Amino acid sequence: MARRPVHPLLYWPNIIGYVRCLLLIGGYILTFHSPTAALACFLANLLLDSLDGFSARYFNQASTFGAFFDVLLDNATRGILWSLALPDGLGSLFLILEMSVLVATHQVANISTGADWKGALARGDDAGQQPPAFVSRIMANNFRTVQGSYVIVGLMGLPLWAWGFKFLPSDNILRHPALGAVLLPGRVMAAVVELWVLSKHLGSLLRQDAAAAAVRSR
């Protein structure tokens, strides 16, 4: 008898995502009571982020939902860290930028490529303009390049460092200014890619609107 297919919500990568949600909530709550325990939650969250992609490949359980859920969790994690670390709501600026990029990248996925939105942008094969060489080198092979790895480390590491700089004891190595200086260029490189993705998406929307207006005016 054929084995009953597993529902996508029960795929192993998505189960890892549910655990990450709990760790993120725990890290947020513990920040105000035990920053060291909160750090353990945030570090475990980031560690599991590196495992969900592996589990998707190992169990052959890649899915469009899983790709969206993974990036949503990444954005939520960084957004919470930035919001805790920066005063006067400045952390929300990072969240707005990253959620805008999420909308743009998954528009690409829905159009042509399923879960492989990173590959589509790196190759420029989603019926849009070719990416600059700088962007292609970062996003090539699903960010598994020297430049791409550095960008991911800066993207994920800098908000954790900023959070640690505010909440961790002064002797904790994770709040050392030198670590922030190492991570900052990677985050800047990520911002360049994010702004390119946004400009590409907005240009595509405007071209679609112009084409629709031209049809209506005939």
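Q: How many helices and how many strands does the secondary structure of the chain come to?
A: Eight helices and zero strands, with helices taken as DSSP runs of H or I of at least four residues, strands as E runs of at least two, and numbering from the N terminus. Along the sequence the pattern reads α-α-α-α-α-α-α-α. This is a predicted model, where local features need pLDDT of at least 70 and side-chain atom pairs count only at pLDDT 80 or more, while totals for chains, interfaces and linings use all residues. Residues are numbered from 1 along each chain as its sequence is written, and side-chain values use heavy atoms, with hydrogens and water left out.

Q: How are two packed helices described?
A: You give the angle between their axes and the distance between the axes. Axes here are lines fitted to C-alpha atoms, for helices over the stretch in contact, and angles run from 0 to 180 degrees between N-to-C directions. Take helix α7 (residues 146-167) and helix α8 (residues 177-216): their axes are 7 Å apart, at an angle of about 125°. That makes α7 oblique to α8; under 35 degrees counts as roughly parallel, over 145 as roughly antiparallel, 65 to 115 as roughly perpendicular and the rest as oblique.

Q: Which residues of α7 and α8 make the contact?
A: Contact means heavy atoms within 4.5 Å. On α7, look for Tyr-150, Trp-161 and Phe-165, among others; the α8 side includes Pro-177, Arg-187 and Glu-194. By class, the contact of α7 with α8 has 15 nonpolar, five polar and two charged residues. Nonpolar covers Ala, Val, Leu, Ile, Met, Phe, Trp, Tyr, Cys and Pro; charged covers Asp, Glu, Lys and Arg; the others, Gly among them, are polar.

Q: How do the axes of α2 and α7 cross?
A: Helix α2 (residues 35-58) and α7 cross at roughly 175°, and their axes come within 11 Å. That makes α2 roughly antiparallel to α7. Among the residues in contact are Phe-42 and Asp-49 of α2 and Trp-163 and Phe-167 of α7. The classes here are ten nonpolar, no polar and one charged.

Q: Is Asn-14 buried or exposed?
A: Buried means under 20% relative accessible area, exposed over 50%, and partly exposed in between (1.4 Å probe, protein chains only). Asn-14, in helix α1 (residues 12-31), is buried, because its relative accessible area is 2%. Setting aside neighbours within four places in sequence, Asn-14 is in contact with Pro-8, Leu-9, Ser-63, Phe-65, Gly-66 and Phe-69.
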